[in-house]
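Please consult the sequence and the structure as you read.

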Amino acid sequence: MRDRVSCLVHPVTTHLASLGDPTWFARVSAQVVTDPALRVIMAEEALAKASSRHVVETLLRLLPDMPADVRQDRAAMVRHLIVHVCAERERAVAEGTATPPATRDEAATGLIDAITGLWTAPHTAWAATDRRPSSRPATTVAHSTAAPPKPGTSRHAHSDPAAPGTAASTAVPQSAAAGTR
């Protein structure tokens with residue numbers, strides 16, 4: 001898992017490092033990825049390379065017991081982490097503010113640790129017919145403060161088709177995150 005996550009993070013951090021300081025790329029990307037139409041374009045661009053698609057597909061194959069809606073939710077979190085952690089670091093460097101990880105490599109390692117933990121963290125199984133956690137044993141169980149989806153809906157009914165993943169936009173298409181690829 002960690003090797004696959006590294007393959008998601010390192011291309012982004014390596015690209016940012018190649019730009020030198022100061023740079024605005026990560027901060028602009030953080031703004032662009034919040035626009036629904038531009039987010040789709042960034043996701044398509046990020047997954048244009050076969051190597052990026054391969055990394056996402058193999059990472060998701062490592063999570064066969066994770067329900068599709070949980071994979072989608074985690075993929076969105078991963079996208080936010082990569083985009084916004086890089087943007088925050090870029091901001092701090094541009095301002096001359098000290099950053100907790102002293103180097104870009106240390107920052108990438110911390111990001112890889114966090115994302116690996118996110119993908120491998122336990123999840124709560126929700127019963128399909130009500131809004132309470134299932135009394136059936138789940139593969140993994142953890143506390144969740146998020147409201148469960150309404151019966152017959154997904155947690156991501158509002159999501160666009162190009163949700164979370166790799167490279168510049170760090171986008172994993174919903175179809176891949178949902179396991180329908």
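Buried means under 20% relative accessible area, exposed means over 50%, and partly exposed lies in between. The model discussed here is predicted.

Q: Is R91 buried, exposed or partly exposed?
A: R91 has a relative accessibility of 29%. Buried requires under 20% and exposed requires over 50%. R91 therefore counts as partly exposed.

Q: Which residues are linked with R91 in a network of salt bridges?
A: The side chains of R91 and E88 meet in a salt bridge, at 3.1 Å from N to O. E88 and R91 are three residues apart in helix α5, so about one helical turn separates them. The network of salt bridges that includes R91 also holds E88 and E95.

Q: How is α2 oriented relative to α5: roughly parallel, roughly antiparallel, roughly perpendicular or oblique?
A: Helix α2 (residues 25–32) packs on helix α5 (residues 68–95) with their axes 7 Å apart and at an angle of about 140°. Roughly antiparallel would need an angle over 145 degrees, and roughly perpendicular covers 65 to 115. The arrangement of α2 to α5 is therefore oblique.

Q: Is S29 buried or exposed?
A: S29 is found in helix α2 and touches M42 and V83, not counting residues up to four places away in sequence. Its relative accessibility is 8%. Because the cut-off for buried is under 20%, S29 counts as buried.

Q: How many residues apart are D113 and R2?
A: The side chains of D113 and R2 meet in a salt bridge of 2.5 Å, N to O. D113 is in helix α6 and R2 is in helix α1, so placed that the pair links distant parts of the chain, 111 residues apart.

How values were computed: Residues numbered from 1 in each chain as written. Predicted model: local features only at pLDDT ≥ 70, side-chain atom pairs only at ≥ 80, totals over all residues. Heavy atoms only, no water. Axes fitted to C-alpha atoms, helices over the stretch in contact; angles between N-to-C directions. Helix = DSSP H or I, 4+ residues; strand = E, 2+ residues; numbered from the N terminus. Parallel < 35°, antiparallel > 145°, perpendicular 65-115°, else oblique. Buried < 20%, exposed > 50% of the residue type's maximum accessible area, 1.4 Å probe, protein only. Contact = heavy atoms within 4.5 Å. Salt bridge = Lys/Arg side-chain N within 4 Å of Asp/Glu carboxyl O.
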